[in-house]
Amino acid sequence: MDQPTARQQRGEAVFQQVFGREPRPGSYPEFLRITVDHLFGEIWTRPHLSVEERELVALTAVTLARTDWELRGHIGAALHLGMSREKIVEIIIQLAYYGGWPVANNGLRVAQEVFAELDGATGGKAGHDR
């Protein structure tokens, strides 16, 4: 079995920090390896932006791209990193001006679903005051 590279180790550590869990291979383990190695091991570890600032950029990008699967993950990551639900909603509302009302409407719907799932899983308002 191959030894993990320094970049892969950095990527796995950042992924864990952002999402609060280990990367899960799913259907395309090679694509996940590339993502962890390059995106998280190279891009997310560059200087000048904090992990929280990088998450804000990622949340904005996936909202504008209307990629619901990734948006769900990045809403969870933002909450994990301490961003409040209110801040996430406000970011999505502001994006209506840059990406259009349908983009914001979709983002708000996805956020509402994620919040409801978290509330159902915890029996309360998980992440509400974070």
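Which residues does Asp37 touch, not counting residues up to four places away in sequence? The first legend answers this.

All views show a predicted model, in which local features need pLDDT of at least 70, side-chain atom pairs count only at pLDDT 80 or more, and totals for chains, interfaces and linings use all residues. Residues are numbered from 1 along each chain as its sequence is written, and side-chain values use heavy atoms, with hydrogens and water left out.

**View 1. Asp37 in helix α2.**
Asp37 sits in helix α2, residues 29-43. Helices here are DSSP runs of H or I with at least four residues, strands are runs of E with at least two, and both are numbered from the N terminus. Asp37 touches Arg7, Gln8 and Glu42, leaving aside residues up to four places away in sequence. Contact means heavy atoms within 4.5 Å. The relative accessible area of Asp37 is 7%, so Asp37 is buried. Buried means under 20% relative accessible area, exposed means over 50%, and partly exposed lies in between, with a 1.4 Å probe and protein chains only. Ala65 is 28 residues from Asp37 along the chain, and their C-alpha atoms are separated by 23 Å.

**View 2. Aromatic ring pairs.**
A pair of aromatic rings is described by the distance of the centres and the angle of the planes. Rings of Phe, Tyr and Trp (its six-membered ring) pair if their centres lie within 6.5 Å; planes under 30 degrees apart count as stacked, over 60 as edge-to-face and the rest as tilted. This rule gives five aromatic pairs. One of them joins Phe40 and Trp44: the ring centres are 5.2 Å apart and the planes stand at 35°, so the pair is tilted. Both Phe40 and Trp44 are buried. Tyr97 and Trp101 have ring centres 5.3 Å apart and planes at 75°, so this pair is edge-to-face. Tyr97 and Trp101 are both exposed. Phe15, Phe19, Phe40 and Trp44 form a cluster linked by ring pairs.

**View 3. Where α1 meets α4.**
Helix α1 covers residues 6-19. It packs against α4 at an angle of about 80°, and the two axes are 7 Å apart. Axes are lines fitted to C-alpha atoms, for helices over the stretch in contact, and angles run from 0 to 180 degrees between N-to-C directions. The two helices, α1 and α4, are therefore roughly perpendicular to each other. Angles under 35 degrees count as roughly parallel, over 145 as roughly antiparallel, 65 to 115 as roughly perpendicular and the rest as oblique. On the α1 side, the contact is made by Gln16, Gln17, Val18 and Phe19. On the α4 side, Gly73, His74, Ala77 and His80 take part.

**View 4. Helix α4 and its end.**
Helix α4 has 13 residues. From first C-alpha to last it reaches 18 Å, close to the 18 Å expected at 1.5 Å a residue. The expected span is 1.5 Å times one less than the number of residues. Leu71, His74, Ile75, Ala77, Ala78 and Leu79 of α4 are buried. The buried residues of α4 pack against α1, α3, α5 and α6.

Helix α6 runs over residues 101-122. Its 22 residues should span 32 Å at 1.5 Å a residue, and its end C-alpha atoms are 31 Å apart, which agrees. Buried residues of α6 include Val103, Ala104, Asn106, Gly107 and Val110. Ala111, Val114, Phe115 and Asp119 of α6 are also buried. The buried residues of α6 pack against α3 (51-65), α4 (68-80) and α5 (85-99). Gly123 follows α6 and has a positive phi, near 75°.

**View 5. Val89 in helix α5.**
Val89 lies in helix α5. Its relative accessibility is 27%, so Val89 counts as partly exposed. Val89 touches Leu108 and Phe115, not counting residues up to four places away in sequence.

Most residues other than glycine have a negative phi. His48 is not a glycine, yet its phi is positive, about 85°. His48 lies in the loop between α2 and α3. With a relative accessible area of 77%, His48 is exposed. Arg66 also has a positive phi, near 55°. Arg66 is in the loop between α3 and α4. Its relative accessibility is 44%, so Arg66 counts as partly exposed.
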